[in-house]
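Subject: Structure for you to look at

Hello,

Here is the structure I said I would pass on. Please open it first, and then read the notes below with it on screen.

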Amino acid sequence: SKRIIAYKNRLIIRLRSVLHDESSVFRSKYDNPYNVNYKGLQKSINIPPHQLLCRLKESVPRINTITGNESAFKTTLIKKLVPHTPLFEENEHYNNCAIVSNAGALNGSNLGNFIDQHDLVLRFNHAPTQGFEKDVGSKTTIRILNSQVVSKKEFKFLKSKLYSNIKLLAWDPCNYTSTLDKWRDKPDFDIFTPYIKHRMAKPNTNFHILDPRVLWTLWDFLQSHTPVRIRRNPPSSGFLGLSLLLPHCRKVHMFEYIPSVRLTPRCHYFDNEVDTSCTFGVWHPLAAEKLITLALNEENEYVTFETGYVSIPGYKYLSC
Ligand code: C5P
């Protein structure tokens, strides 16, 4: 309908304007906390969605985790505690996968039943399902956790039931050209102590730490497919989640990552904080992520902007 097309056009204009603001405003060398030193080329994004997806697959075929065999970790407790089972087996495949963003726009979506019908459901951080089942469902297969959620007391990482008996992937950024040794000695937030404690307390939980160098491979992909310079900070966990699942799902549905007509200034569906930068980005290169995700989307306009999800085909049946 006309209303949906008009909304879509306004949204794209807004995402592009955030992108342009960032490229001009944050250019001082002091605004480069991760010492990003990008030397890559600018590639065209005026290519068919499946070609763009092939490029993402080529750049980031899988999301690596710390195995403990890296020289930085082989003499640490981490080495002994990394589960023998990988986060995903090479041949672990799901049919339909759901990525549930934490966006406020999920409120009133009524998407819970549909989300629960997926073979795998990915959630982020401390996002609750209890009390929000109607809109976000109740099934959780995997959580991606940032290093603040695992290390800050307020999140009760070791006590909360949210973090048991599912797959867990925790992440913390390293510098653009950092070695793992440097990152191990100086993470943004201490991810290692809570990891060790959690592994000892809950050995049956399939819990891994992201190899942080992957974040910059993803960032390079985003920058090389964006016509202006993007924020020199790691991608959001939303885009990390997409890259994590594409090798293992026939189809990935991402819920309210691209905001639907329910767009709200509220940050999260589970609290009342008002902050538009959660949706449009300040710290993460979120506008660039979302414009690229829209370019990968196979869903029609009604589903994307009225129902509230995008659909991206997994790598297994992609011919490049
Ligand atoms: O806020 P939080 O980081 O916990 O949210 C998890 C992910 O959900 C973000 O990394 C982002 O990709 C997505 N998100 C969003 N819009 C919001 C809130 C979250 O796209 N308003």
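This is a predicted model: local features need pLDDT of at least 70, side-chain atom pairs count only at pLDDT 80 or more; totals for chains, interfaces and linings use all residues.

Pockets

A probe the size of a water molecule, rolled over the atoms, shows where empty space is left. The largest pocket holds about 1000 Å³ of space. Its lining is made up of 38 residues, and those nearest the centre are Asn125, Asn146, Ser237, His268 and His284. Sorted by class, the lining of the largest pocket has 15 nonpolar, 15 polar and eight charged residues.

The second largest pocket has a volume of about 490 Å³. It is lined by 24 residues, with Arg62, Ile63, Pro86, Phe88 and Glu90 closest to its centre. Here the classes come to 11 nonpolar, eight polar and five charged residues.

Helix packing

Two packed helices are described by the angle between their axes and by the distance between those axes. I looked at two pairs.

For helix 2 (residues 49-59) and helix 12, the angle is about 125 degrees and the axes are 8 Å apart. Because of that angle, helix 2 counts as oblique to helix 12. Helix 2 brings Pro49, Leu52, Leu53 and Leu56 to the contact, and helix 12 brings Ile292, Ala295 and Leu296. The contact has seven nonpolar residues, with no polar and no charged ones.

How do helix 9 and helix 10 cross, and at what angle? The axes of helix 9 (residues 213-224) and helix 10 come within 11 Å and cross at roughly 100 degrees, so helix 9 is roughly perpendicular to helix 10. On the helix 9 side, the residues are Leu215, Leu218, Phe221 and Leu222, and they meet Phe239, Leu240 and Ser243 of helix 10. This contact divides into six nonpolar residues, one polar and no charged.

A loop residue

Where is Thr264? Thr264 sits in the loop between strand 6 (249-255) and helix 11. Its side chain reaches the backbone nitrogen of Arg266 at 2.8 Å. Leaving aside residues up to four places away in sequence, Thr264 touches Gly104, Ala105 and Thr279.

To follow this on screen, you could begin with the largest pocket and the residues nearest its centre, among them His268 and His284.

Regards

How values were computed
Residues are numbered from 1 along each chain as its sequence is written. Side-chain values use heavy atoms; hydrogens and water are left out. On a 1 Å grid over the protein atoms alone, a cavity is a set of points where a 1.4 Å probe fits but cannot get out, and a pocket is an open set with protein on both sides within 12 Å along at least five of seven lines; lining residues have an atom within 4 Å of a point. Grid points are joined across faces, edges and corners, and a volume is the space filled by probe spheres set on the points. Ala, Val, Leu, Ile, Met, Phe, Trp, Tyr, Cys and Pro count as nonpolar, Asp, Glu, Lys and Arg as charged, and the others, Gly among them, as polar. Axes are lines fitted to C-alpha atoms, for helices over the stretch in contact, and angles run from 0 to 180 degrees between N-to-C directions. Helices (H or I, at least four residues) and strands (E, at least two) are DSSP runs, numbered from the N terminus. Angles under 35 degrees count as roughly parallel, over 145 as roughly antiparallel, 65 to 115 as roughly perpendicular and the rest as oblique. Contact means heavy atoms within 4.5 Å. A polar contact is a pair of N or O atoms within 3.5 Å; within protein, one must be able to donate a hydrogen and the other to accept it, and residues adjacent in sequence count only if both atoms are side-chain atoms.
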